[in-house]
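Keep the sequence and the model side by side.

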Amino acid sequence: MTGEHQTLALVLFSGFVAVTLAITTWVSRDRHGSAEEFYAGGRLFSPMENGFAIAGDYMSAASFLGISGLIALYGYDGLLYSVGFLVAWLVVLFLVAELVRNCGRFTLADVVAARMRERPVRIAAGTSAVTVSVLYLVAQMVGAGSLVALLLGGTSEAAQAWTVIGVGALMVIYVTWGGMRATTWIQIVKAVLLMGGAITLTVLVLMRFHGDFDQLLRTAADRSGHGASFLAPGLKYGGDWTARLDFISLGLALVLGTAGLPHILSRFYTVPTARAARRSVVWSIGLIGGFYLMTIVLGFGAAAIVGPDAVRGSNAAGNTAVPLLALDLGGGADSTGGTVLFAIVAAVAFATILAVVAGITLASSASVAHDLYASLRRERPEPRSEVAGPPSVVAGPRGVVPEPRSEVAEPRSVVPEPRSEVAVARVAAVGIGVVAIALGLLARDLNVAFLVGLAFAVAASANLPVLLYTLFWRGFTTRGAVWAVYGGLIPSVALVLLSPVVSGSPDALFPHLDFQYFPLQNPGLVSIPLGFLAGWLGTVTSAEEPDRARHAETEVRSLTGAGAA
């Protein structure tokens, strides 16, 4: 692109950053520093607003950049991501949304701690939440680096590095200044922009082929160099049994991982009731479903119009397929129309990244402050009416279970947390941002959808088993909860480190080293069953008697909302 066109692109590109910073500043003027305001936005959002925010939180760089890139490079096999990301919401809708909203207050650990000894459970769940969040953040950082380097007219490592650092700094500002309220409004604005951009590009692609989707697919197959196999399963995952098992592993991770993502679960606490939480999910499924249908058109459109070779030439992992498609649809690199459309799409993609990283950073900093810091601090016992469980499990001797009748019959009063906890959350956001920046610089050559698949695998392995056992298994114990988290978290992370993703292959993080002992790229096929197995094994070998009364109390609260925050 010419210097003049780059300037136009950067002006449009910077506009969203200015708008989001203005939103953050506006919202931060009204904050009063309570934990409920910082973590949950005061629980004041409507189902429609929260549905748009959930969609904005979920439709990440992996969705807009990564999935379309994978479809452009691998055809049918790239569709797994679109299907898996969408189907996962059925698990959230039917098993998680209302129950989590009723049982918890700010984080996943609140749900589990409702019927367990609080300290070990919070430490385990908080550690898992931070790990999943950092993995997810890395994917967004990589997407931002690829995007802005392309926008600046080159793919230099320096441009990518400074972009990753800039995104990290912005996400820290959003979270520390504005909390959940600013993050939510940024996500709503981003969802509207992303849907608008995706609809525009989809219409332009279909117009290029006169509305003939069959012609679009045939052209994509011809330009791919693979012919009819481009439209059939197996191009990426069908080479041998290892590739096929990787396909199954990835599918399991995508479908089950969403229900264990901390930043998605935390969104259910921003609405006033469980019914509003369920309606939020219905809104989000409509938006997300429409969007993923459009990513299919965009992916095959990039293959047909731009060509896989040009996509690989710009970014080996395919992360820049959609911006290149926009450039071509607008008239090419030397045209004003192409530059404007490219800049708009790049700005929307950057908005996507900023909104998602803000949501993830807020969720992970909440886990650090509300779960890890609060568990280790123990300066004073929690008020009985505030915690979804008796105070004895917070600060008193183990095993002392008071009568649950008053907590079921009476709503819990929301007592403000000490301001020190919110201050710790803001400091944690800075620390998490630094870690995400460092890992994002390291992983900048990997596909963002693939990186998100790893985060989903860890979430499905460590968070989903303990969540489902807590909600549905009457005999579940504290040891089972801790074992379920660590039994999924440690194997999933270890298997990633020992996989071809990290070493032993030309595309690995460390291509010149070889400590690959696990053949699959995604660990979900092994680590997800291990998480469920560890939770069961920890429970059946525990000397602790399950607390039937507290399970009954949790069950009533989860199903009716009695006593919910």
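The second largest pocket holds about 320 Å³ of space. A pocket here is found on a 1 Å grid over the protein atoms alone: an open set of points where a 1.4 Å probe fits, with protein on both sides within 12 Å along at least five of seven lines; lining residues have an atom within 4 Å of a point. Grid points are joined across faces, edges and corners, and the volume is the space filled by probe spheres set on them. Helices α7 (118-151), α18 (419-442), α19 (448-462) and α21 (478-497) each give two or more residues to the lining. By class, the lining has 15 nonpolar, 1 polar and no charged residues. Ala, Val, Leu, Ile, Met, Phe, Trp, Tyr, Cys and Pro count as nonpolar, Asp, Glu, Lys and Arg as charged, and the others, Gly among them, as polar.

The model is predicted: local features need pLDDT of at least 70, side-chain atom pairs count only at pLDDT 80 or more, and totals for chains, interfaces and linings use all residues. Residues are numbered from 1 along each chain as its sequence is written, and side-chain values use heavy atoms, without hydrogens or water.

Now the fold. The protein has 23 helices and 0 strands; these are DSSP runs, H or I of at least four residues for helices and E of at least two for strands, numbered from the N terminus. Of its 565 residues, 61% are buried, meaning under 20% relative accessible area with a 1.4 Å probe, protein chains only.

Beyond four places in sequence, Tyr58 contacts residues including Phe85, Trp89, Tyr136, Ile288 and Phe456; contact means heavy atoms within 4.5 Å.

Two further residues are worth a look. Leu362 lies in helix α15 (residues 336-377). Leu362 is buried, at 2% relative accessible area. Its C-alpha is 7.0 Å from that of Gly179, 183 residues away in sequence. Asp246 lies in helix α10 (residues 241-257). Asp246 also counts as buried, at 7%. Away from its sequence neighbours within four places, Asp246 contacts Tyr237, Leu520, Gln521 and Asn522.

Technical notes:
Buried < 20%, exposed > 50% of the residue type's maximum accessible area, 1.4 Å probe, protein only.
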